[in-house]
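I opened this notebook to look up a few residues and the charged pairs of the chain. The entries below follow the order in which I went through them.

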Amino acid sequence: MKTITSIVAAIALIAACGDAATKDDPCPRGLCTGPSGDDGGGVTGDGGTTTGDGGGACRESWGCTAWAKNAQGQYTRTCTDAAMCGTTNGKPNEGPLSLPDLDMDFYKCKVEPIVDRGCAFLGCHGTEAGRVYKVYARARLRRKETVPAMCLQTSPQDLQEMGSGTTMCDGWLPHTTGEWQENFDNARAFMVGVANPDDCELLSQPVIGGKNHTGVHLFAKTDADYTTIRQWLSGTKLGSTCNPDPN
């Protein structure tokens, strides 16, 4: 099954790379990456800082691990330059720092559906490397963790290995607790050191008229999606426990 899925994905990639991105389909067929030298839609835009001069310029390409809570209750992560430029001009913050105290329930029920619909494609932010912002989503990238045997399996399975990029069985399992926490932390981290939600790159990158974001812009400031994300970044609470199924 995985071999067939890989072949289908490869064929889809060849076909998809000729498609144009639109508001409703920002990553055509969910597989295309950005053009050469582009960060493929990285939220912060700092994954492509150019250093040096002339033809010998090196373009930094930063990828970061998920934020992890340390014994002191603060969050740290490790960021690595895949291009190995030897410079740190665009290196994201690795902490330690305290992430904003935002509402998990509001995120689960209101923000995650927007992120799943517009950002979580395998060629966009549904990837473990090459993006400052990473999203785990059903039928797309799944977190590397062991889940109990199910879907006709007889032993525990690696969710990322068996579930990424498929709508079958493991790929369609509900988000795990670990996936929820990492998605929540990765999103709220963009408000660190930011006073106005409109300046947060979770909004200023994909908004129409905003930053480059490889030309992919998902909503206007007057759209409901923008308003919803802004409310969450401003500290709005859901006021109840979110049951996110089937998200």
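I began with G215, which I found in the loop between α5 and α6 (224-233); helices here are DSSP runs of H or I with at least four residues, strands are runs of E with at least two, and both are numbered from the N terminus. I noted that the model is predicted, with local features needing pLDDT of at least 70, side-chain atom pairs counted only at pLDDT 80 or more, and totals for chains, interfaces and linings using all residues. Residues are numbered from 1 along each chain as its sequence is written, and side-chain values use heavy atoms, with hydrogens and water left out.

G215 counts as exposed because its relative accessible area is 53%, where exposed means over 50%, buried under 20% and partly exposed in between, for a 1.4 Å probe and protein chains only. I also looked up the C-alpha separation of G215 and Q205, which is 9.5 Å for two residues 10 apart along the chain.

I then turned to S204, which lies in helix α5 (residues 201-204) and counts as buried because its relative accessibility is 10%. Leaving out residues up to four places away in sequence, S204 touches D198, D199, G210 and K211, a contact being heavy atoms within 4.5 Å.

Next I went through the charged pairs. Side chains of opposite charge can pair when their charged atoms come close. With a salt bridge taken as a side-chain nitrogen of Lys or Arg within 4 Å of a carboxyl oxygen of Asp or Glu, the count comes to 11.

One of them joins E182 and K134, with the closest N and O atoms 3.8 Å apart. This pair links distant parts of the chain, as E182 is in helix α4 (residues 177-188) and K134 is in the loop between α2 (104-118) and β7 (146-147), 48 residues apart. Both E182 and K134 are buried.

In another entry, R142 and E179 meet in a salt bridge at 2.7 Å, N to O. R142 sits in the loop between α2 and β7 and E179 in helix α4, 37 residues apart. R142 counts as buried because its relative accessibility is 0%, and E179 is likewise buried, with a relative accessible area of 0%.

Finally, I looked up R230, which forms a salt bridge with D198 at 3.0 Å between the closest N and O atoms. R230 is in helix α6 and D198 in the loop between α4 and α5, 32 residues apart. Because its relative accessible area is 28%, R230 counts as partly exposed.
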